[in-house]
Every structure is written in structure tokens, then in C-alpha cells.
Amino acid sequence: MQKIKNIAVIAHVDHGKTTLVDELLQQSGTFAEHQQIEERAMDTNAIERERGITILSKNTAIVYGDHKINIIDTPGHADFGGEVERVLKMVDGVLLLVDAQEGVMPQTKFVLKKAIELNLIPVVVINKIDKDGSEPDRVLDEVFDLLVALDANEEQLEFPVLYAAARDGYAKWELEDENVDMTPLFEAIIDKVPYPKGSPDNDTQAQVFTLDSDNFVGRIGIARIFNGKIKKGDEYILAKSSGEKSKSRVSKLIGFKGLDRIDIDEAVAGDIVAIAGFNDIDVGDSVCDINNPVPLDPMHVEEPTLSVIISVNDGPLAGTEGKHVTSNKIRERLEKEMETNIAMRMEPLGDASFKVSGRGELQIGILAENMRREGFEFLLARPEVVVKEENGVKLEPFEHLVVDVPEEFQGIVIEKLGKRKAEMTSLTPMPDGTVRLEFEIPARGLIGFRSEFLTDTKGEGIMNHSYLEYRPYSGEVKSRTQGALVSTESGEAVAFSIFNLQARGVMFIKPQDKVYSGMVIGESSRPGDLDVNPLKGKQLTNMRTSGADDAIKLVTPRAITLEGAMEWIEDDELIEVTPKSIRIRKKSLDPIVRRRAARDKKNSK
């Protein structure tokens, strides 16, 4: 029987997980000599490649000596924590990567906490030791302190440590050792990660942790076999988390090797395989023995903390750029997303709108970006935090925020965060001349903060945050101070008019862009909204002017990105998302209704 090891690679964003997996694939001899693999081979999604981040957890398998090592590459962003949580149940050990300069970050704490709760032993890899300013000894102390703070047991505190530079393809046990290859890491996985528990002779038990689909065989569940065997062509019971059970036959059994998927006839306890033949297979479902079905515990994933309302586009330009514009199409697409993404929730609200809840702006932004690329057109409202009520007390989610800024900017960052109800917990000078500030802040306080933060720190600041817990509601949080420039006319914008409006604020549009009444075309330099006319052309007469016409010099408009717009908008505004453009508009396009609402709001104060 083949010897199997199952590991997950976990770390904070940008600490080198996918690059490390590349090297393990390359140096294990899994690929033939002539086979070329591209950089970050596990990031197959278009958005993952563009942004250089991992969004979906993916698995691969390598053969090293007489061992088969199943490796799962996980995302590092806090917004995709649900992907990490479900994967950790499927493995017997974790490779915890920590950047030798940045050290322990919020997501390192989140993923390590989950691993410790599941009694997994971490193999700590201090990566990027070739970086200027790297301090492996300090980082090792930070990891140890974190494990103590997370109540790790004696065995977990005896974790093995390796030093690596994944990009250059080497790992070593001691800093003084020679830089050769990844052999020490392979040895650590084989020696330190326990073999899977469970026996091929027991009744079959497997659990699905991610889904895939194929045009020929339909839905595919990628599952870990905890007990027994799964054979192609045999019948099994599918036990759903709701308690429902159904019988079906395995039509296709797929194994993993490198980046390839291979058809196999049988798999045994401990292995990770893809199973086809169950039409309604879902994440968390168990595949059990037909005579003695004993389902495994359903998966628990932490609740979403942020929600946004997605609705049908009802603006004047609706349907001119998108292919899928009806509420039925949007609903189908959202339901499909909820099947595979267990960290998100969706509820229809009637009036052709849907409330989608997730872990953060990035997660919701990625869903919206995927939808617009598929030809959908819809409206997005301002994200709101999910507020709970327990024993009559209103609770809201808090985040742990870590900010690295150059020393001269720490004052303004502390001041701005103070206005957003943040509480500073630590201030640490870093070896590279920056300061690391740690805060506990209501999740509401972070909405719209990133762009302001980048401006204040002249693009040099780095901020990371992860979910902490629910705490009592902390009152009103300061939001955007500048008003919006709102168009009063519909048509195509004119250069002459934009030139004259530039003095009033920052423009979002350029000449010949389509605009309509109620659309936001710029950010005012003062508080309060301003109604403007971007279609007004120059008055032409047959009188000659004494001087030549002034040359019109237009400032480059501010590009609107999806995440940028989600942070910028206020409660009375919406984002119009189409495959070709992202526009911001007022909820009510009628200026009289808007003025009345503003007056009522003022009077209520």
C-alpha cells in the first residue's frame, strides 16, 4: 500500500505559499524533464494571476521516494478564511510559512489558531531569508510566542523549523547550512507530519471539501477518504449535512499527480480524490458505506461579517452593455456561487434584489468582478456590517488591524483611526525604519479607509486585518467628508464643461463618456453634493474674439475600480457594474426626491 502524507500550506498573504508549492512540484521529480511549468502554477484563475493572490484553495500531489504527498495551497487573505477552515480538516499537518522580515501577521494568527484547534502539528518554514532586513531569529520567537498565546500543547510547541528562500529553491535546517535544494523540507514532511489515521478495512467514510464541475460528468466532489475504500462503479450513500441520504454509483474516480488529473479504479483511506456520479454533491457532504452509513461531522465555518445588496440595474443605460440583466439570471449565478463558497450567504429580498454576505470587501468584490466578466450587469449598494443582537445588546464585528508605516506618517494614521473608533494595542519600531501599529477596530471603521490610508502614507503604508470577534456596538463612525458632483443632464460629456468643473473637485469621467441625470461624475472638494451640468458646450457666436481661444487642459480623471467604488460610496449611492464600465449613481435619480431626503435627514438631527 502506498504511504500517504496530507499537508496544507498556510500563511499570511504574500509570504510565498504558491511559490513554495511550485518548487516542491519542480524538485520532487513529479514532472518529466521536458515538461515546463509556469510560475505560480497553482494560481489558475485569471483574477489570481492578475492580482498575484490565491483566492481558491487547490490541491496537487507529488511523489517523493515511496511516499505520495497531497499538498493543498490555501489563500492568505482574511476574506478567504473560509477556504482555509474547510481545508484544515482534510490534512494531518501544516506547513506554516512566515516571512523572515514581516514576521507574524494577522492572517498568520487566524490560520494557526484554526490548525491548533484541530491538533495539527505545524512545520514552521521561515521563508524569504535572502531578503534585506530579514531577521529569522526574531520571527522564530514571534511564532513561538504566538503558539503559547494560542494554548498550543507540548507536542505542538516542539515544532520543527526550517529556513528557506522558496523563490531560489532551497530550504535548510540551520542558517549556517549550505543553500542546496528543497530536500530538508521533503524530509521534514515525511518525518514530522503524521500518517493518516483510519484503515482501508473499515466501512467507507469520505468528506467533500471542495467542488468542481465538468461538462461531461457534471458535478465533481473533491474529498478526503477517512476510512475504507472507494471503487469506481460501486454504489455508496451520500449523506448531506441536513441529514438527507441518497444512493448513487461512482461513475468516475480521479486521482491527482502534479498538475494532472488521472483516472483511477480505486482509492484507499488517507488519500484525496475527486468523485463524480452524485448530482447533488455539496461541500461538507459525506460519502459512506452502503450497508453501514456513518456520516462525518458537518463542517463549521465562521459566520460572514459584511453584507451587500445586489440588485437589477434600473438606470437609463440598463441593458446596453451586459448580456445577463434579469433578476432570474442574477439569482441563478448567486445560487451557483453559494454552492461552492461555504463562507458566503445569499438571501432574496424581493423587489429584484439579493443580500449577499461574506467575510470582507475583497471577497464580495471578487464575486462582482467574476460576474461582470461573465457578462452580468447589476447594481451594488454600500457594504454594511452584519450586526447581531444577544440578550438585548447590539453586537458588531471587530477586526484586528496591523499597519506598517514610515515613522513620519504614524501621527496622521493614529489620528485618522482614532476618529474611526480604533483602539491601539501596540506600537513596535521595525528594523527597516518603519513602525508597526496594532489596533482593534470595528469592521465598519475599515470601510473606505484603505484609499485614505494610501494617500496619507504616500503609498508606502501596508495594512492587514483579520476578523477578531463580535463586541458591543461602538456608536457612529466617521465616513466620507467630501460630497459628490452629480450630473443634472443625460447625454455625452463635453470637454469644455469638464474643464470648467475641474475647479470644483476630482472628475471620474472624460469627454464623450455617457452620463445621465443622477449619475455621480466626480468628487466635490467640499462637503455636500453639488448638481452640475457636464453637457454644457461653449457658446459660439459670429463675433471674433480679440485673443485666441484658451487651450482646454484636462486633468486625467480618477479611474474607478470596483473595490475603490465600494469604499467610496455612501448610503444614498449605488455602483452600476457592467462588463464594460463601473459607474457611481445616486439611489434616487430624481433631484427633487434627493433634496427632500437631504432636508428630512438634516431636520431629524
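Which residues does Ala565 touch, not counting residues up to four places away in sequence?

## Around Ala565

The answer is a run of isoleucines: Ala565 touches Ile560, Ile575, Ile582 and Ile584. Bear in mind that this is a predicted model. Ala565 sits in helix α14, which covers residues 562–568. With a relative accessibility of 1%, Ala565 counts as buried, since the cut-off for that label is under 20%.

Leu380 is 185 residues away from Ala565 along the chain, yet their C-alpha atoms are separated by 9.7 Å.

## The chain as a whole

Zooming out, the chain has 605 residues, and 53% of them are buried. It contains 15 helices and 35 strands. Take the contacts with a separation of 6 or more: 71% of them come from residues 24 or more positions apart.

Helix α1, residues 17–27, is mostly covered, with eight of its 11 residues buried.

## Two aromatic pairs

The structure holds two aromatic pairs. In one, Phe449 and Phe453 have ring centres 5.6 Å apart and planes at 40°, so this pair is tilted; an angle over 60 degrees would be needed to call it edge-to-face. Both residues belong to helix α12 (residues 449–456), and because they are four residues apart there, about one helical turn separates them. Phe449 is buried at 1% relative accessible area, and Phe453 is buried at 1% as well.

The other pair is Phe508 with Trp568: the centres are 5.3 Å apart and the planes stand at 80°, so this one is edge-to-face. It ties together distant parts of the chain, with the partners 60 residues apart: Phe508 lies in the loop between β30 (505–507) and β31 (514–515), while Trp568 is in helix α14. Phe508 and Trp568 are both buried.

## Lysines over tyrosines

Two lysines are worth a look. Lys5 places its charged end over the ring of Tyr195, 3.7 Å from the ring's centre. Lys394 lies over the face of Tyr473, with 4.2 Å to the ring centre.

## A nonpolar patch outside

On the surface, Phe499, Ile552 and Leu554 form a nonpolar patch, and together they have about 220 Å² of accessible area. Leu554 belongs to the loop between β33 (530–532) and α14. Its relative accessible area is 35%, so Leu554 is partly exposed.

Note on methods. Residues numbered from 1 in each chain as written. Predicted model: local features only at pLDDT ≥ 70, side-chain atom pairs only at ≥ 80, totals over all residues. Heavy atoms only, no water. Buried < 20%, exposed > 50% of the residue type's maximum accessible area, 1.4 Å probe, protein only. Helix = DSSP H or I, 4+ residues; strand = E, 2+ residues; numbered from the N terminus. Contact = heavy atoms within 4.5 Å. Patch = residues over 30% accessible without salt bridge, like charges linked within 9 Å, V, L, I, M, F, W, Y side chains within 5 Å. Areas by Shrake-Rupley, 256 points an atom, 1.4 Å probe, with all protein chains shown as cover. Salt bridge = Lys/Arg side-chain N within 4 Å of Asp/Glu carboxyl O. Phe/Tyr/Trp six-rings, centres within 6.5 Å; stacked < 30°, edge-to-face > 60°. Lys NZ or Arg CZ within 6 Å of the ring centre and 35° of its normal.
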